[in-house]
Amino acid sequence: SSMPVLPMGMPGRAAPAGPRGQGDYVDGPRRSFAGGAGLLSTARDYARFLQMLLGGGAVDGVRILSESSLQEMFKPLVEPKTRFFRFGREKMGLAWYLGSYNGERLVHHFGGYVGYHAHISFMPEHKLGVVVLANSDREGSMLIHQIAADVYDTLLHLPGEDYMPTLIERTQKVEAREIAERAKRPPLSGGPLTLSKPLDAYTGT
């Protein structure tokens, strides 16, 4: 299956199919490097996807998924009984965690790769969904979950919790550890590094 890919700065316009079948993203075709993290999309696209799920498989009067497909997706298959950040993960269906947030039922899945991270979640009973994307796999990867939590707290008048001091402390510890690790690395030997191709050949990679 496939879905429209929207180039940056061009909302509402689908990218060409591209020679590798995944679109000409920004300035040329890109090869997907991971099945679970190679999909290029937008917050608007994901929001429409959540509208479809919250609409029972249909959006704008058009059915995308059957009710039986949704039932299979959200049928509990395993019980991890864990937590991520402030979100409970009591059970899991087909790629969706069937959990909770602040006492409310929450269906969600997060993920990312080097350089970006995504939060996608929704509360079926409240017909409310949240999508937050970040071009970061460090500070931003936790900040987006705080933003999503703030959205739920505000719209549903839930008792909130300020996680920012913890997030800042965690970020500082990670940065300090990375600096210490870099200091332990031996200096590069063998003289200055050289490139096998002209610098222009690496532009855009």
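Two exercises with worked solutions follow, on a predicted model.

**Exercise 1.** Determine in which order the six strands of the open sheet are arranged, and which helices pack on the sheet.

*Solution.*
Step 1. The strand order reads β5-β6-β7-β8-β9-β10, with antiparallel pairing.
Step 2. The edges are β5 (82-84) and β10 (128-134), each of which pairs on one side only. From one strand to the next, the twist averages 30 degrees.
Step 3. Within the sheet, β8 (residues 104-113) and β9 (residues 116-123) are joined in the antiparallel sense over seven bridges. In this pairing, H109 stands opposite I120 of β9.
Step 4. Helix α1 (residues 43-54) packs on the sheet and touches β9 and β10, its direction making about 155 degrees with that of β10. Helix α3 (residues 139-156) lies across β5, β6, β7, β8, β9 and β10, and runs at about 155 degrees to β10.

**Exercise 2.** Locate the partners of the salt bridge between R48 and D60, and classify the exposure of each. Then examine the pairs E79 with K81 and K173 with E169.

*Solution.*
Step 1. The N to O distance for R48 and D60 is 2.9 Å, within the 4 Å cut-off for a salt bridge.
Step 2. R48 belongs to helix α1 and D60 to the loop between β3 (58-59) and β4 (62-63), so the pair ties together parts twelve residues apart in sequence.
Step 3. R48 is partly exposed at 37% relative accessible area, while D60 is exposed at 62%.
Step 4. For E79 and K81, the closest N and O atoms are 3.6 Å apart. E79 is partly exposed at 48%, and K81 is exposed at 63%.
Step 5. K173 and E169 meet at 3.4 Å, N to O. Both lie in helix α4 (residues 164-184), four residues apart, about one turn of the helix.

Technical notes. Residues are numbered from 1 along each chain as its sequence is written. This is a predicted model: local features need pLDDT of at least 70, side-chain atom pairs count only at pLDDT 80 or more; totals for chains, interfaces and linings use all residues. Side-chain values use heavy atoms; hydrogens and water are left out. Two strands pair if DSSP finds at least two bridges between them. Helices (H or I, at least four residues) and strands (E, at least two) are DSSP runs, numbered from the N terminus. Axes are lines fitted to C-alpha atoms, for helices over the stretch in contact, and angles run from 0 to 180 degrees between N-to-C directions. Contact means heavy atoms within 4.5 Å. A salt bridge is a side-chain nitrogen of Lys or Arg within 4 Å of a carboxyl oxygen of Asp or Glu. Buried means under 20% relative accessible area, exposed over 50%, partly exposed in between (1.4 Å probe, protein chains only).
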